[in-house]
Amino acid sequence: MARPSYNTFASFASFASPKMGKFKSQGRDDLLPQHSSKGDPARGQQDGQPSNADYLLLKVVACISAIGVLWVLVYTIIVQRESPYPESDDITGTSFLDHEKPISSFAGKTFLRHNIPFIDIPDSLIQDVYYYRWTSIQRNLRYIRAGTGYMCTEFVQPVGYAKAFGSIDAAAGHQIDESRWLRDTFYGDDYIHLYTRGPADALQYTQWILDAASRRAMVTGDSQFLASQLDDMVRLWHEWDQVYDDAAGLYYYQPVWDAQELSLPGFVADPNGTDWTLRKDGPDTFRPSHNAYMVANARAISRAAKLARDGFTEFLFSKLADELEAAMYERMWAPEQRFFMDIIRPNNPNLTRLTGREQVGLFPYRFGIGLNKSYAQPAVDSMFDTEGFLAPYGPTTLEIRDPWFMAVRPDDYCCYWNGMSWPYSTGHTLKSLAAIYRSGTTNVTAEQYHQYLQTYARTQQKNGQPYVAESHYPFIDGWSADGWNHSEHYDHSTNNDDVITGLFGIIPQEEDALKISPIVPRNWTYFALENLSYHGHLVTVLYDKHGSRYKAGRGLTVFVDGKKVFNSPKKRSAYIRIPPPILPADPLINIAANPTGPGQYPTAEATYTNSGDFQFKAIDGVLFYDSIPDNRWTNYGSPNLNDTLTIRFARPRNVSSVTLALFSDVTRGGGVDIPARIEVYGSSGLLATVNDSSSLLPNDRNEVGFDEVETQFLAINMYRKSSQLWVGVCELEVWTPPIHGPTYYAVDAYLTGQETSVVFDNASTATTNGAVVGGLRSDSNVAFSGIVSSGGQTTLTLSYSNAGNTTVGLSVEVNQVPRASLTLLPSKGKYVNVTTTVALATGKNYVSLRGGSDDEAARLETLTLR
C-alpha cells in the first residue's frame with residue numbers, strides 16, 4: 001500500500017489557482033493516447049482522468065498507434081543513461097575487481113558503475129560502508145535546472161531553514177570533498193558555482209567551501225576552474241568581515257551557526273537552564289573550528305591567486321592566513337589543557353578560555369594547523385583516551401570527563417552536540433588524525449587510524465546494514481537523531497574521502513603527479529583501489545604482498561588508464577608522474593527539471609496520480625528509489641490499463657530522447673513495477689515505443705531515443721504489466737546540448753516573485769508560441785544561469801515590451817553583484833531593445849534581472865550577451 005508522501009512543494013491547491021490560467025495548453029493534445037479503465041467508471045475520472053467518452057476513442061487510437069509503432073520502432077533506442085557528458089572511449093581503466101557484487105543490492109547501478117572507484121580490503125565492515133556511502137551521495141545529488149546544474153542536499157527531503165534550492169552550507173565542504181572522487185566532475189563544478197556565483201548562502205553557517213574547492217582542483221586537475229573563481233572567492237571571504245573582532249584577531253559566531261547547537265558554550269552561558277534560546281544557540285564564541293576554516297579558506301584564495309597570476313592577492317591572503325593562525329595559537333591554545341579551546345565573547349574582555357575540551361579543538365589539524373609535536377601529541381592522546389573522546393560509537397563531541405557531557409538526549413530535541421557522536425565531526429577528526437600521522441611528529445600508528453575508521457564504520461549501521469543519519473549515541477548502538485522520512489542517508493559528513501585519502505593514501509598534487517602514502521595496518525597483505533578518477537585519468541592502485549591475489553606483480557603496482565606505470569615489490573608508497581589532465585567536454589543539460597513545482601515551467605500532468613504521490617516529484621531534480629524517504633510519481637490504484645505522465649515546456653524544444661528513472665518496489669512487497677510497454681508522444685504524434693519490458697532496468701535510468709523533433713511537450717504513456725501492478729517514475733529527464741548563447745530566452749530563466757510567470761503574447765515572435773515572462777513586480781527576479789563567457793566587458797541587450805505609460809526599472813546583477821540598471825521605456829506593447837554593458841566572469845555566469853512595476857505591464861522576451 002502506498003504511504004503518504006512528504007510533499008516537497010506547495011499545496012496542490014495552488015496548481016488550480018487563477019494564476020495557472022497563464023499556462024496555456026500548446027501543441028497537438030489530440031494526438032495523446034487515451035486510457036483504458038477496467039474499474040469503476042467514476043474512479044477513472046479522479047486526478048484529472050479522461051471522461052468516459054474519451055475512452056470510446058481507445059480503439060481508434062490503438063489502431064493509429066499500431067501503425068505508428070511499425071514506423072517508429074526502427075528509431076527507438078533504449079540505453080541505460082550513465083552520464084550527461086558526451087561519451088568518450090579514449091579513457092579505459094582496469095578490471096581486477098568485481099564491479100557488480102559490491103553494488104548488487106543498490107538502486108541506480110549505472111551511476112555507480114560509471115562514477116565510483118572500487119575497492120578491495122581485508123576489512124569487510126569498512127568496505128561495505130564505503131559502497132553504501134556512495135549511494136548516500138547519489139541520493140543527495142539534486143539537479144536544479146538547466147544552466148544551474150547539480151547541487152548536494154543535506155536532507156533528502158527539504159527543510160524549512162534551507163536556502164536557495166534547498167542548499168545548506170554547513171556541510172558543503174564535506175560534500176565537495178566526498179563528491180570530488182566521482183568520475184563526472186560537473187557535480188562539483190555546478191555545486192561550487194552555486195556558492196561562488198549563484199544564490200546559495202555561504203554565510204548561513206561557518207564553512208570551508210573555498211578550501212574544499214581548492215583541494216578538489218588537485219583531484220580534477222582543472223586549475224583554470226579554480227583560478228576563474230578568484231574574484232568570487234574574495235567576495236565570499238569578505239562577507240565574514242562583519243563577525244571579525246579586530247582586537248582579538250579572530251572570528252566569532254554563535255555555535256548554532258557553527259552547525260553545533262546545544263554545545264558547551266550554551267551550557268556554560270546558561271548553567272541553570274533558564275534561557276532555552278541562549279542554551280541552544282550559544283553566545284557569540286571564538287571557536288577553533290570556524291577560525292581554522294577561515295585560515296584554510298584564505299590559503300585557498302592565495303592558491304587561486306597564484307594560478308591566476310595575481311601576486312598581490314596571493315601575498316595578501318597568505319599573510320591573512322598566517323596572522324589568523326598565529327592568533328589561534330595565542331588566544332585559543334590553552335597550555336594548561338594542551339588543547340584548542342572555545343572563548344565566549346560577550347562579557348569576557350580578557351578572552352578567558354573555556355575549560356572543557358570539545359571535539360572542535362581537533363579540527364584545526366586537518367587544515368595544517370598545529371602539526372608539530374607540542375600541539376599534535378596532546379590531540380592524539382585525547383582521541384584515544386576513554387575519558388576523552390574515545391567511545392565504542394565515537395568519537396564524542398565533548399570529552400567524556402566533562403561535567404556537561406551527555407551520553408543520551410535528555411528530551412526530544414534532535415541535536416545535542418555535548419556528547420553525541422556526529423559523523424560531521426568524525427569526518428573532520430579522521431582527516432586531522434591522518435594529517436597528524438603523516439606529520440611524523442607523534443606516536444600515533446596506522447593501526448590506530450584504522451581503529452578510528454573501523455569505529456566510524458561500526459557506528460554507521462542500522463538493523464545490521466550500513467546506514468547514516470544525523471547523530472549517534474556514544475555508548476548505545478542506536479542513532480540519537482534519525483527522523484523518519486527526514487534523516488535517512490544524511491549527507492552531512494565524509495566517509496569515502498577518508499578511505500581514499502587516509503586509508504589508501506591518495507594525496508592529490510598540484511602538478512602532473514600522484515602521491516600514494518597509505519595508512520594501513522602492517523599486517524595487511526593486500527588492498528586495491530580501482531579506477532579512481534584523478535586528473536581525468538583512471539588510476540588503479542594495487543598492493544599484493546605475495547603477488548597471488550591480483551596477479552599483477554608483488555608489492556605496490558599502479559596503473560594509469562589501464563597501463564602499468566609503477567611496480568615495487570617492497571614499497572607501499574610512491575610518487576608517480578602522470579600525463580597532463582584530461583578535462584571533460586561540456587555536459588548536457590536537463591531541460592525537464594523544475595525545482596519549484598506548480599507555478600513554474602516545465603509543468604507536469606498525469607492522467608492518474610496516487611494520492612500519496614505527486615506528479616511534480618517526477619521532474620523536481622531529486623532522484624532516489626527508496627520507498628521511504630519517497631520522491632516519485634506513481635499511478636498506484638489507477639483503474640486504467642495505461643496512464644500518461646506529460647511534461648510541457650514553456651516554449652517548443654528540440655529533443656531526441658527522454659530518460660526515465662523507473663520505480664519498482666515489487667521485491668519489497670509493493671505493487672509498482674516497470675511498465676509492460678512505453679509510448680512516447682510529442683507535438684507531432686508518436687515518437688517512440690518500447691515493447692520489450694525486459695530491456696528496461698528497474699530503479700535505474702533508462703533512456704529512450706528517437707529522431708530529433710521540435711515539441712512543446714513529451715507524454716509518456718505507460719502500460720501496466722497486470723491488474724495487480726502499477727507503474728512509477730522517480731525522475732523524468734530530457735538531456736539536450738547546452739545553450740551557449742548569445743541569446744537566451746526569458747522563459748528558460750528561473751522565475752521568482754508572487755506574480756512573475758510565463759505568459760503567451762501574440763505580439764512576440766521570439767518563440768513560435770509567443771512565450772514571454774510577465775507579471776514583473778517589485779519582488780520579481782528573472783534569473784539566467786549557465787551563461788558562458790571568456791570574461792570581460794559584454795554588451796547586454798534585453799528584448800522587452802512595456803504596454804504602460806511610465807518607465808519600468810530593472811537592476812542587473814552578475815553573479816549576485818549589482819552591475820547595471822535598465823530602464824524599460826513605454827513601447828505600446830511592441831517588443832523593443834534596451835542595452836547596457838556589464839562585466840562577465842570567465843566560465844559560467846549567473847545574470848539576474850530584478851524588479852519591475854506594480855502598476856505597468858512589462859514583459860521580457862530575450863537576453864542577448866555579445
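A residue is called buried when its relative accessible area is under 20%, exposed when over 50%, and partly exposed in between, with a 1.4 Å probe and protein chains only. By that rule Cys 730 is buried, at 1% relative accessibility, and Cys 152 is buried as well, also at 1%. Please keep in mind that this is a predicted model, where local features need pLDDT of at least 70 and side-chain atom pairs count only at pLDDT 80 or more, while totals for chains, interfaces and linings use all residues. Residues are numbered from 1 along each chain as its sequence is written, and side-chain values use heavy atoms, with hydrogens and water left out.

Let us start with the whole protein. Of its 866 residues, 63% are buried. The accessible surface, computed by the Shrake-Rupley method with a 1.4 Å probe and with only the protein chains shown counting as cover for residues, comes to about 31,600 Å². Carbon and sulfur atoms account for 51% of that surface. If contact is taken as heavy atoms within 4.5 Å, then among contacts between residues at least 6 apart in sequence, 73% join residues at least 24 apart. The secondary structure consists of 17 helices and 39 strands; these are DSSP runs numbered from the N terminus, helices being H or I with at least four residues and strands being E with at least two.

Now to the sheets, where two strands pair if DSSP finds at least two bridges between them. Leu 529 has Val 541 of strand 18 as its bridge partner.

Another open sheet has four strands, ordered 5-6-7-10 and paired antiparallel. Its edge strands, strand 5 (244-245) and strand 10 (343-344), each pair on one side only. Two bridges join strand 5 to strand 6 (residues 250-253), and Tyr 244 has Tyr 251 of strand 6 as its bridge partner. Helix 12 (residues 288-307) packs on this sheet through strand 6 and strand 7 (285-286), its direction making about 130° with that of strand 6.

Strand 33 pairs with strand 34 (residues 771-774) in the antiparallel sense over four bridges. There, Val 759 has Val 772 of strand 34 as its bridge partner.

How much of helix 7 is covered? The answer is 12 of its 12 residues, and these buried residues include Asp 211, Arg 215 and Arg 216. Gly 221 follows the helix with a positive phi, near 80°.

Ala 676 lies between strand 25 (642-662) and strand 26 (677-682) and is partly exposed, at 26% relative accessibility. The C-alpha atoms of Ala 676 and Lys 721 are separated by 4.8 Å, although these residues are 45 apart along the chain. Leaving aside residues up to four places away in sequence, Ala 676 touches several others, among them Val 690, Tyr 719 and Lys 721.

Finally, back to the cysteines. Counting pairs of cysteine sulfur atoms within 2.5 Å as disulfides, the model has one disulfide. This disulfide joins Cys 414 to Cys 415, with 2.2 Å from S to S. The link is left-handed, with -95° about the S-S bond. Cys 414 is partly exposed at 29% relative accessible area, whereas Cys 415 is buried at 5%.

Key:
Axes fitted to C-alpha atoms, helices over the stretch in contact; angles between N-to-C directions.
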